[in-house]
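Please read it with the structure open beside you.

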Amino acid sequence: MNENPLLEWIWTFLASFAGALTALSFRPFEKMKRGEIVISLTVGASFAIFVGPWVAWKIFGDGQVDTRILGAVFYLLASGSNVLIPLMVRRISGGIAGAEK
């Protein structure tokens, strides 16, 4: 990791929002309202920021990882959020519904 924690946070946010912007580019954003665009960017970036550390831990373990590699993980999660979030919701709600039966 980098010795500068501020740089790590900046890199995390930049990668997350860049990935969210990439995800938005695959949607019909021209037809979306401003609020919908803001929500889409916020959800994609926050998904990467909150899920990214867990994914990185699952992939790399407890060892040190270069900030740029972590940035790539955050970018990929944010850019795939429009696919990953619905997939996770279906999986979780399927597990909950299956437990009720």
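This is a predicted model: local features need pLDDT of at least 70, side-chain atom pairs count only at pLDDT 80 or more; totals for chains, interfaces and linings use all residues.

1. Residues are numbered from 1 along each chain as its sequence is written, and side-chain values use heavy atoms, with hydrogens and water left out.

2. The protein has four helices and zero strands, where helices (H or I, at least four residues) and strands (E, at least two) are DSSP runs numbered from the N terminus. Read from the N terminus, the order of elements is α-α-α-α. Taken along the principal axes, the box filled by the C-alpha atoms is roughly 50 × 40 × 15 Å.

3. Of the 101 residues in the protein, 30% are buried; here buried means under 20% relative accessible area, exposed over 50%, and partly exposed in between, with a 1.4 Å probe and protein chains only. The protein exposes about 7200 Å², of which carbon and sulfur atoms supply 69%, with areas from the Shrake-Rupley method and a 1.4 Å probe, only the protein chains shown counting as cover for residues. Among contacts (heavy atoms within 4.5 Å) between residues at least 6 apart in sequence, 72% join residues at least 24 apart.

4. Phe47 deserves a separate look. Neighbours within four places in sequence aside, Phe47 is in contact with Gly52, Leu77, Ser81, Leu84, Ile85 and Met88.

5. Helix 1 (residues 5–25) has 21 residues and reaches 30 Å from its first C-alpha to its last, close to the 30 Å expected at 1.5 Å a residue, the expected span being 1.5 Å times one less than the number of residues. Its buried residues are Glu8, Thr12, Ala15, Ser16, Gly19, Ala20, Ala23 and Leu24.

6. A search of the whole structure finds one aromatic pair, for which rings of Phe, Tyr and Trp (its six-membered ring) must have centres within 6.5 Å, planes under 30 degrees apart counting as stacked, over 60 as edge-to-face and the rest as tilted. Trp9 and Phe13 form this pair, which is stacked, at 5.8 Å centre to centre with 25° between the planes. Because Trp9 and Phe13 are four residues apart in helix 1, about one helical turn separates them. Trp9 is exposed, at 51% relative accessible area, whereas Phe13 is partly exposed, at 38%.

7. The structure holds one salt bridge, defined as a side-chain nitrogen of Lys or Arg within 4 Å of a carboxyl oxygen of Asp or Glu. The side chains of Arg68 and Asp66 form it, at 2.9 Å from N to O. Arg68 is exposed, with 58% relative accessibility, and Asp66 is partly exposed, with 32%.
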